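Colleague: I would like to go through this model with you, chain by chain. Could you show it first?

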Amino acid sequence: MSRSFLRPKCRTWFIGSVSVGTGSVALFAVLASSAPWSPGRFWGLIFGTLAAVVFVLDGLYPLRRRLMGWPFGTAQRWLQFHIYGGALALLFVLIHVGFSLPNGQFGWWLFGLTLWSVVSGLVGVWLQKWIPTVLASQLSVEALYDRIPEMADRLQSEADAVARGASDLLERFYSGEIRPSLAGVAPSWSFLVGLAGDRERRLTPFRNVAQFVSDDDQDRLKDLEAIVTEKFELDAQYSLQRALRLWLPLHLFPAIVLLGLLAVHIFAVLYL
Amino acid sequence: MARILPSGTPTRSKRYVLPAAMERRWMLAGLAGAVLLFGLTGLYFAGATGFISPGDLAAEHAPVDLQCAQCHATGLTGGGVMDLRCERCHDIGGSERLTHAGHVLFGSANALKTDATQEVACVQCHIDHRGRDWAVATVDDRECAACHLFGTLERHPEFAAINASIQTGLGLKFDHDRHIVEARDAGLDECAACHVQTIDQVAFEPIRFDEHCAACHTDDDGFVTGNTDPIAPDYVLAPDDVPEPWAGEIEIETIEAARGRSEYTRMRHADRWTLYNARRLRRAIDPEGETSEREALGGRIAYLEQQLTLEPLTTAGANLEAWADAFEREVTELARRLEGEPAAETDLAALEAMMAATRALAARVASTTDAEADLEDPGELTMPVAGSLGPDTTGNSAAELETRRNELLSLLEAVEARGGESLRDRAATLRDRVNGLSPQSGEPDTAAYRDGLFALDEIVRVLRNVPDPQARYEAAELDVLRSLAQQQVTGGLAQDEFEDRRRQLLSLLSAIERDGPGQLRARVAPLRQRVLALRWGADGDAELSRRLRRRRRDLYRVRLELELAATGESAPVGSAAPLRDRAAVQAELGILRTRLAAIEGGSRPGVALAEDRERQGFALESLLLPCLKCHELAGPKLAPVTVAEPVMARALFDHAPHVIQTNCAACHASVETSGLATDVNVPGVESCQSCHRQNAVRATCETCHVYHPPSVAALLRAP
Amino acid sequence: MPTTDQPVNPGGNPLIARLPRYEPASIERLKTYPFLKQVNQRILEKLQPNLIERSYAPGDIILRLGDYNDAAYFIADGVVEVRISAVNAGSEDDPAPRVAPTPVTGARPQGLAARLRHIFAREPLEGAVQVGGRATDGTVILGDMPVGGRPGERVLLEPGEIFGELSALSRYPVSADVVACTQTRCLLIRTPALRMLLKQKPLASFKQMVDERYRTRSLSTHLRNVELFAELDGSIIAGLQRSAELVSFEPGAQIIEQDSSADAFYLVRGGYVKVAVRAGPSQLAITYLRKGDYAGELSLLMDEPWPYSLFALEHVEMVKISRADFDQVVASHDTVRDLLWQSAVVRLKERGVALRSPVSSQYLQMAMDTGLIHGESVLLIDLNTCTRCDDCVRACADTHGGTPRFIREGTRFRQWSIPTACYQCTDPVCMIGCPTGAITRPIGSLEVTINKDTCIGCHNCVKRCPWDNIIEVPYSSPTINRDIELATKCDLCLGRTQGPACVQMCPHGSATRISFKDLETVTTTLSAEEMP
């Protein structure tokens, strides 16, 4: 699979964000060389305020359906704003502190959470671009996440039906090697690394046993093989979709904590 | 039929599959965020403030770390780090040494320019909360560049003295070229014979006559060579007639000369007889000058002593509440006066009436003393009569009014302090009524004129010291014009009139002081200081607002102490003045006291008549003839001998790293041909730039300069 | 109106039987009708339950604009008036021919309060305005009336006319009011009988009659609807009208074969026709034709073999004009040839594009094989960018009061998933047999919607949809005071100003709705999105 899935989908957003980012860094370079840079002085404040505003707007992303897409029109544009805005906000935060490390506990919390939120967001972007291509290109089965467990169960009963009345060898083979693997969904992180190896691994027993199975059972064997392949694909679907679902709280909860700390930070700056 | 792998969904559900609702998750997350927000804020207000600190304070500030109120004023509209809180520890005496105004005064010695400058907060340059190892006192060069536009050492302008080719203030005549030859011939090290390095090699030991000059400039018995000119006996006291304790061992020899005059010989350096007579002559010629000098010295000494002995407000044991009330009242008064109504004709009449009453009071006070009548007679105080306060230009009458009022107030305070019960009451009432008057507001806008005068200041100062008589003449003319302009701008009295008034006031104060017990002297001293601080040409409103500002600052300080005491966060302040400042102040005090002692004491002959003054002047010159071989005469006295105003007047030059690398001739080669003490024998800024530049030797502003005046004494030294 | 208390149709739908006013005609009565005279008894008996006589007094409304109609009306006696209303008119500024219905546009909420309510109410707006279609010269094409006319016109129909048969066959709502002018007697030929009559050979006379009517009344209008003939002189049209042949084909029949000599022009009256070229051993579908489309204009100009084959996808009715007849008729008009040439060039280009992009033709083939070609708006999800986040389903549920209208499950073709969202077929079979008319398609619009207040949960539509796109949900109906299994389906977010919520709310832009009939969109949207 070529790398083209990383190509930005909306070119105008990409070009616009890169220009804004480059311009900001250039502005910072010019300003910081002529006067000592402080987050509390005029330009540092401007960038800090910009970053805060963008973070808050990013936090409104979950409201896109309630607002019927306003003001961007579609949820896709909302997401573009969310992603590019978040990346730019990180840049603004770095400019705000003058590209230096924080000093106090509070500063480290803010900095760390900002980094985590934005980086986890970008990791999410990559995941959301990459995993669908794996699902689409390497799997043939499509299934809803919530229904996969029941589909797996159904597969098991189907396999039971196929194996009923088979020869001893096949039955033993089935109950010994195949049935355990059909018992319920079996998610695994290994699916994220590659599917081909796992698929081969699951189907190898069939090749091995094929020569020993009688001719009339060959059909059954083939059916079982198909069932096992389908189970494998369901497992892969489940795992990959699960990865996408697990990512969300990892990105979301630190971001909310960040917003809370941001409010405290603004309060402290104004009050003290 | 073989089973195939489905493409798409294997089996369709019959019902809609609803995706898991996200609402609850959002609510929980939002709840967590809100808990965090309100929890942390609540914790802050409950006292657990540590987490909110953006970083540790520098090591010097570590004792007040996590006590936010020590430095931060809180409040959504009025928060921030106020200078007041820094000054609480760093400027206990309220000298305003560490303000930007102090820097401007230190550098330019121009009061008007200082008044017009904008304030720069301490935190603008001194950032903290950057960790224990952060150097708070270090300031980035670019902050300096905000005003000093040249920005780096590379573009530093040439030193003023080099440009003017003259050094001033030495007070001696000295020709290096001859002395170097003499030293060489005597087999001595030509530089080190006189210029001895201090232990730390930073500077050089002061040159003293006895150590460095006496070897050649005295004869075998230790007497300075040369005789005086013939002097008439009326003008000097013979050696035997000199009273104790100056008599002592006088080895003066009198030589009879023509027409009844005498020559005197066998004088030592700083001979007591000579000095006694010089002092006596001076008093005859210029009593006011001596008095003013004495007063000025006394004032400065008093101020410095006060700075040394001040205690921080926390340990003063004073009743802070009462102080706050007193200050508050004064501030309201001053503010009211500053924005008051214009003086009406009736006010002027009232002023006159009050002046008459005060005159009477002063007379009563004076009559209880037994001082010499002619000087202290208050009748001699030439208070103006009503008519002279005519309707002049707006600026003039306002300023005049102001100066009158100031004088009056000073007098009344003195009276209050000195007089008895009834006197005190009357003085208090009068004072209130005087306070009731207010100067005319609506003075012409003088800012533009001021700026022009600043520029003139510098030019005149430089020109005045140029050896060329033509230039000096032009400088004098310029000065006159400048004074006229300043007078026009600020209105008020001409300078000599002003000085007259001031002198009279000071005389009165001296009279009151001489009579009174110690507590009176304490009251008079600050008063005298205020009189001395009166600058001619400063418009009244500025003076008033300056005072108002100072009083307000004092009030805020007391209020701050009260506030901090209430929160329980009042950290104990360090000692009254940092050691460095204290030492400098002590040193300055020493110098001033020496000078004061040099003009104190001795008899006070009567004031010479005008025609006699000239002859007295000649007598003085004749007396000091041997001294004038090296010393210079400044008016009716010898000029004080000081270290020459350094070429880099506002920089600190550390000789140590330089003498290690090279010898004296590398920089001071021109002394070989230098015949005057006023010659500048120091290289220009280019020689500094040859090593002090980027990527070579340190070339930041603070390598040579300090921003803040290093001590209160340094501030005072501004002329 | 004739009434009866007894059920008169014991074998038929019990619901219908209970309704009064429907009384099948007797065999004797039937034999009086000219087109049924020759039909034998057995067939008549089969037809009888669906042949009903009705009388109307003057002024009675026989058919109402927008009604659903399941019968063809044969006027036995009397005169009726067809009133073409302004609703069908569309707009004056847009006279372009529209054979396919145009999408519904929703009313915009006015004012901030209305907008806020629209946002938070999560319900579609009321009062959608529908827009219809008209022909180049301003006449409104009434597919189901044997007439055409201008808005506001009233056209009279006399005894012997048949009207309403296409609205019965195609489940479109009636396109004009039909009112009885005098005392009228009609024979209602309900859809089952209508189909039989049109298809079966022994009943050819009926078809002939219908064809004749069509020829005399509608053919000229339809010919005028063809761009090619739009500007032609009335005499030419009349000539064409006379010499045209009305032909029909069974599903799957080959109409013409590639490389055979092309000597006729075909205009489609109804049904779908596949246009294919030979590509090796198989047929590569280029495009398709439907009602109003035509093929073979080149063959009218030159003597070339057919460059493609035509296959009937379903029951197809066509108008065939042979070259000889055409030549005769246009002998004196040169402009006609120029017009024909222009159209031909366009067609050739289209064919070239399709040949260059075999993928597009694969899509078309798939659409025709699976039946997606019937859909006017098919939801496709690009599996290469879909993160399976279910935002589309959530948005659908938000717009429909908490219940989504599709399941994100379905077949897969290449990288596209085709979920079970109603395809909005041009010919919605789901609408057959709805007893209450709950399932409707507004005039001239795409969306087939189910009204939840009138649905009684009989599930006729659920069973009829070939792709199971209609799904039942439990619902407590206030209308009939019962808990029913309401039938629901995607309604293209009728009334939603921003259009379908699923497309708008996909964060990655993976959801699109296209019509496979639109070759250009298929090429640019689908083929272009394929990953290398």
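Colleague: What percentage of the 532 residues in chain C do buried residues make up?
Modeller: Keep in mind that this is a predicted model. A residue counts as buried with 20 or more other C-beta atoms within 10 Å of its own. In chain C, which has 532 residues, the buried share is 42%.

Colleague: How many helices and strands does chain C have?
Modeller: Both kinds of element occur in chain C. Among its contacts with a separation of 6 or more, 73% are between residues 24 or more positions apart. The count for chain C is 16 helices and 26 strands.

Colleague: Is strand β19 of chain C mostly covered or mostly open, and how many of its residues are buried?
Modeller: V378(C), L380(C) and D382(C) are buried on one side. L379(C) and I381(C) are buried on the other. β19(C), residues 378-382, is thus mostly covered, and its buried residues number five of five.

Colleague: Which residue of β26(C) is the bridge partner of L380(C)?
Modeller: β19(C) and β26(C), the latter spanning residues 511-514, run antiparallel. Four bridges join them. In β26(C), L380(C) is partnered by T512(C).

Colleague: And which residue in β21(C) does I381(C) stand opposite?
Modeller: β19(C) also pairs with β21(C), residues 416-419, in the antiparallel sense. Two bridges make up that pairing. Opposite I381(C) stands S417(C).

Colleague: Which are the edge strands of the open sheet of four strands in chain C?
Modeller: The order in this sheet is β2-β9-β4-β7, with antiparallel pairing. From one strand to the next, the twist averages 30°. An edge strand pairs on one side only, and that picks out β2 (61-63) and β7 (154-157) of chain C.

Colleague: What is the bridge partner of I61(C) in β9(C)?
Modeller: β2(C) and β9(C), residues 177-180, run antiparallel and are joined by two bridges. In β9(C), the partner of I61(C) is V179(C).

Colleague: Is V247(C) buried, partly exposed or exposed?
Modeller: V247(C) lies in strand β11 of chain C, residues 245-249. Leaving aside residues up to four places away in sequence, V247(C) touches M318(C) and K320(C). M318(C) is 71 residues from V247(C) in sequence, yet their C-alpha atoms are 5.2 Å apart. With 15 other C-beta atoms within 10 Å, V247(C) is partly exposed.

Colleague: Now chain A. Are α4(A) and α9(A) roughly parallel or roughly antiparallel to each other?
Modeller: α4(A) covers residues 105-138 and α9(A) residues 218-271. Their axes are 9 Å apart, and they pack at about 160°. Angles over 145 degrees count as roughly antiparallel. The two helices, α4(A) and α9(A), are therefore roughly antiparallel.

Colleague: What is the handedness of the crossing of α4(A) with α9(A), left-handed or right-handed?
Modeller: The contact of α4(A) with α9(A) involves 18 nonpolar, nine polar and no charged residues. As α4(A) passes α9(A), the crossing is left-handed.

Colleague: Which element gives the largest share of the side of chain B that touches chain A?
Modeller: In this interface, 40 residues of chain B are in contact with 40 residues of chain A. α1 (23-46) and α6 (141-145) of chain B each give two or more residues. The largest share, nine residues, comes from α1(B).

Colleague: And for the side of chain C that touches chain A, which helix gives the largest share?
Modeller: Here 25 residues of chain C are in contact with 22 residues of chain A. The chain C side has nine nonpolar, nine polar and seven charged residues. Its largest share, four residues, comes from residues 391-399 of chain C, helix α13.

Technical notes: Residues are numbered from 1 along each chain as its sequence is written. Chains are lettered from A and ligands numbered from 1 in the order in which they are written. This is a predicted model: local features need pLDDT of at least 70, side-chain atom pairs count only at pLDDT 80 or more; totals for chains, interfaces and linings use all residues. Two residues are in contact if their C-beta atoms, placed from the backbone, lie within 7 Å. Ala, Val, Leu, Ile, Met, Phe, Trp, Tyr, Cys and Pro count as nonpolar, Asp, Glu, Lys and Arg as charged, and the others, Gly among them, as polar. Axes are lines fitted to C-alpha atoms, for helices over the stretch in contact, and angles run from 0 to 180 degrees between N-to-C directions. Angles under 35 degrees count as roughly parallel, over 145 as roughly antiparallel, 65 to 115 as roughly perpendicular and the rest as oblique. A crossing is left-handed if the near helix is turned anticlockwise from the far one by less than a right angle, and right-handed if clockwise. A residue is buried if 20 or more other C-beta atoms lie within 10 Å of its own, exposed if 12 or fewer, and partly exposed in between; C-beta atoms are placed from the backbone. Two strands pair if DSSP finds at least two bridges between them.
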